[in-house]
Amino acid sequence: MAIDNQYIQIKLTEKFGDLVFNFEDSYGMLSFEAPKEQNLKVLQYLYDEPTLGFQFLTDLCAVNYPDDKGRELAVVYHLHNLQTNTRIRFKVFTSIENTDVFTASKLFSAADWMERETFDFYGVNFVGHHNLKRILNVDEMDYFPLRKEFPLEDQTRIDKDDEMFGRG
Amino acid sequence: MTEHHHHITLPDGSIEKQTTTLNVGPTHPATHGVFQNIMELDGERVVSTEQTVGYIHRAFEKLAERRPLYQVTPITDRLNYCSSPINNMGWHLTCEKLLGVETPKRVDYLRVIIMELARISDHLICNSIVGVDTGAYTGFLYVMQYRELIYEIYEEVCGSRLTTNIGRIGGFERNFTNTAFTKLEKFLKEYPKVLKEFEGLFTRNRIFMERTIGGGAISAERALNYGFTGPNLRAAGVDYDVRVHSPYSSYEDFQFDIPVGKTGDNYDRFLVRNQEMWQSLSIIEQAYQKIQAFKGAEAEIYHADVPEYYLPKKEDVYTKMEALIWHFKIIMGEVDMPKGEVYKAVEGGNGELGFYLISDGGRTPFRLHFRRPCFIYYQAYPELIKGGMLSDAIVTMSSLNLIAGELDA
Amino acid sequence: MSRPVRFNIHPIEAKISDAIGNAPAPEGYGGDGFFTARLSDVVGLARKNSLWPLPFATSCCGIEFMGTMGSHYDLSRFGSERVGFSPRQCDLLMVMGTIAKKMGPVLKQVYLQMAEPRWVIAVGACASSGGIFDTYSVLQGIDQVIPVDVYVPGCPPRPEAILDGFMKIQDLVGQESIRRRNGEQYKALLNGYGIE
């Protein structure tokens with residue numbers, strides 16, 4: 001039996017007060033936010049609290065909101081309680097100038113590569129990660145390709161004319 | 001000549017060094033995909049390994065931000081290309097969740113048939129490759145022939161064999177033909193015999209057992225911490241299956257078991273996959289019976305009635321005004337998209353395949369993230385092979401069912 | 001709904017005697033116990049019927065190659081059942097799948113390790129032109145790093161198409177002059193790719 005979203009919200013507010021906010025029900029999944037300094041504390045609480053027990057990290061990724069000043073990057077955690085089959089989504093926002101976010105890889109081994117991927121794509125600097133370097137792209141790459149400001153296509157290619165591909 | 005001559009000059013420290021460094025990959029015949037491992041070996045035992053991935057990184061997620069929803073389907077084909085239809089269906093289900101589309105039961109059952117066929121072909125490749133890596137090429141050559149039967153069904157349904165791009169948001173592009181059902185019947189009749197023989201070649205084969213039992217084992221706790229899902233997690237003894245825990249496409253209407261292993265080693269992974277193929281066969285049979293039970297107009301339904309998202313038939317576009325308008329609206333992005341964030345998971349060939357879609361109301365996804373199961377569990381590889389033999393490390397790699405296209409996105 | 005195109009409506013009944021045959025002899029002059037022909041033709045005949053492919057399979061097309069190699073389509077009918085994984089021993093580099101920029105140098109290295117004469121076949125849209133992946137991380141066709149002899153279109157190509165591409169390679173191999181690899185033109189081609 002899935003845990004009631006209302007109950008999770010009450011438990012979190014009891015523990016963290018105003019530090020957890022923006023609770024919403026998005027297509028049945030509880031989604032909420034916390035300041036980025038609090039991310040480990042929240043994750044640890046969700047992991048340890050016996051009535052919550054979110055001990056499975058389903059997914060970790062980042063999102064770029066270029067128009068939201070000071071909150072350009074969001075790191076999104078999807079957590080799963082396999083026993084009660086409940087999923088929640090947890091977000092922290094960070095500015096693009098200072099992208100330090102604490103690493104979750106000590107808590108979840110699965111977070112190791114997902115954080116490296118997030119660093120590779122968006123340049124989120126996971127503080128405390130033991131091996132934070134590019135994973136999918138070449139080491140020489142000097143930008144973070146999934147940020148909205150960068151184009152999809154390789155700008156150095158010469159054999160494809162953008163005009164001809166409807167992108168002129 | 002009284003002077004003593006050395007034949008070779010050894011670098012400093014090389015005599016004291018007890019281990020050998022070996023580079024495996026990225027194009028090694030035993031890696032079945034482009035993975036690089038720089039291993040530190042003590043004799044033939046693996047001391048440590050450093051992995052490099054990304055050799056076919058194709059920027060799926062960035063590409064998806066440029067494409068309307070219906071054009072993302074071909075990208076999903078190329079994630080886990082051994083079971084493309086599951087990825088296609090997963091994507092359609094994600095869109096349907098976002099758009100609030102309800103699919104009719106017959107569509108669900110048709111989808112179940114296609115997805116379970118895909119699961120069989122995925123497991124078939126993985127298990128036969130485990131056979132190849134333990135020295136039994138026969139099984140592989142034998143079952144490849146029967147994988148063609150599955151591909152012929154796909155071909156009849158959508159015109160393509162491997163990268164299927166099957167179905168649409170809301171259903172299928174066309175109804176299954178009678179030929180497709182005939183081919184399905186043929187498959188259901190012939191395949192159990194083949195699978196039985198395939199199992200006979202391996203499961204109680206002394207050499208195969210010696211090679212796989214105990215190799216690459218992982219405990220349930222570590223597997224969960226590493227984010228394992230799918231057959232690999234089930235082999236470690238955790239009965240988590242998305243089809244049962246968050247049923248999609250009417251999986252709740254079917255009777256099937258979740259096979260689980262005990263030790264999480266290569267042998268258990270092999271057995272779990274074999275058992276799952278039997279379960280898939282039974283699901284397909286049940287779905288086929290349910291489909292045959294539909295009568296009259298119901299038996300002809302192959303898509304949901306959602307003209308604002310479901311692309312109309314091509315003939316109608318040329319001859320009917322309404323179809324032309326809808327076609328124009330969908331293609332030109334005139335249909336309003338809801339804003340929101342959706343996470344939808346399906347049980348892929350090698351684990352929980354998740355789609356995290358953020359829509360800002362535009363015609364393309366604002367952000368689309370794929371939860372690729374094998375990217376997540378491949379991290380555990382150094383831990384799995386540590387202390388084992390080099391040749392077992394190769395078997396472990398193939399029994400994890402790593403698909404480079406999915407791993408590298 | 002009937003399909004607009006149907007292939008092979010009246011398949012010809014196969015005769016077993018037709019299935020087994022000798023490779024046709026090259027043009028030449030023969031008599032009792034002797035036969036003369038151009039050396040190039042004889043060498044070409046031998047080469048083309050025993051090509052050793054090196055599958056450089058990275059993604060989806062590699063799965064179709066498994067089908068091509070398997071018992072149903074059976075590449076060994078064309079004298080290439082010996083699929084080798086050592087570049088030193090192989091003559092035909094079959095590049096199947098997307099080549100990312102990270103992979104480019106590896107591909108070139110493998111090509112350089114192959115001994116002359118060597119041929120290259122680009123299987124599938126990605127290897128030929130980058131395919132649907134016009135992105136920052138993908139090489140837009142392998143002909144940017146190594147010379148290619150035959151391109152096979154398709155995403156992925158059907159096994160029949162791969163076989164067709166293979167037969168095209170066989171034609172090229174059979175007709176190639178034994179002096180070609182020493183010629184100025186060939187050297188210029190390799191120099192174009194920065195290969196000495």
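In α5(B), B:Tyr137, B:Phe140, B:Met144, B:Arg147, B:Glu148 and B:Tyr151 meet C:Ile63, C:Glu64, C:Met66, C:Gly67 and C:Met69 of α3(C), where contact means heavy atoms within 4.5 Å. Helices (H or I, at least four residues) and strands (E, at least two) are DSSP runs, numbered from the N terminus. This is a predicted model: local features need pLDDT of at least 70, side-chain atom pairs count only at pLDDT 80 or more, and totals for chains, interfaces and linings use all residues. Residues are numbered from 1 along each chain as its sequence is written, chains are lettered from A and ligands numbered from 1 in the order written, and side-chain values use heavy atoms, leaving out hydrogens and water.

**The helix pair**
- The axes of α5 (residues 137-158) of chain B and α3 (residues 60-69) of chain C come within 9 Å and cross at roughly 110° (axes are lines fitted to C-alpha atoms, for helices over the stretch in contact, with angles from 0 to 180 degrees between N-to-C directions).
- So α5(B) is roughly perpendicular to α3(C), a label for angles of 65 to 115 degrees.
- Sorted by class, the residues of this helix contact are seven nonpolar, one polar and three charged (Ala, Val, Leu, Ile, Met, Phe, Trp, Tyr, Cys and Pro count as nonpolar, Asp, Glu, Lys and Arg as charged, and the others, Gly among them, as polar).

**Chain C with chain B**
- Here 32 residues of chain C touch 36 residues of chain B.
- Together the two chains bury about 3,000 Å², 66% of it on carbon and sulfur atoms (buried area is the accessible area, 1.4 Å probe, that two parts lose on being put together, summed over both).
- There are two salt bridges between chain C and chain B (a side-chain nitrogen of Lys or Arg within 4 Å of a carboxyl oxygen of Asp or Glu).
- C:Glu64 forms a salt bridge with B:Arg161, with the closest N and O atoms 2.8 Å apart.

**Chain B with chain A**
- This contact draws on 43 residues from chain B and 44 residues from chain A.
- B:Lys62, B:Asn225 and B:Glu341 supply 18% of the area chain B buries against chain A, more than any other three residues.
- Chain B and chain A bury about 3,700 Å² between them, 56% of it on carbon and sulfur atoms.
- Seven salt bridges link chain B and chain A.
- A:Arg87 pairs up with B:Glu352 in a salt bridge, the closest N and O atoms being 3.0 Å apart.

Conventions:
Angles under 35 degrees count as roughly parallel, over 145 as roughly antiparallel, 65 to 115 as roughly perpendicular and the rest as oblique.
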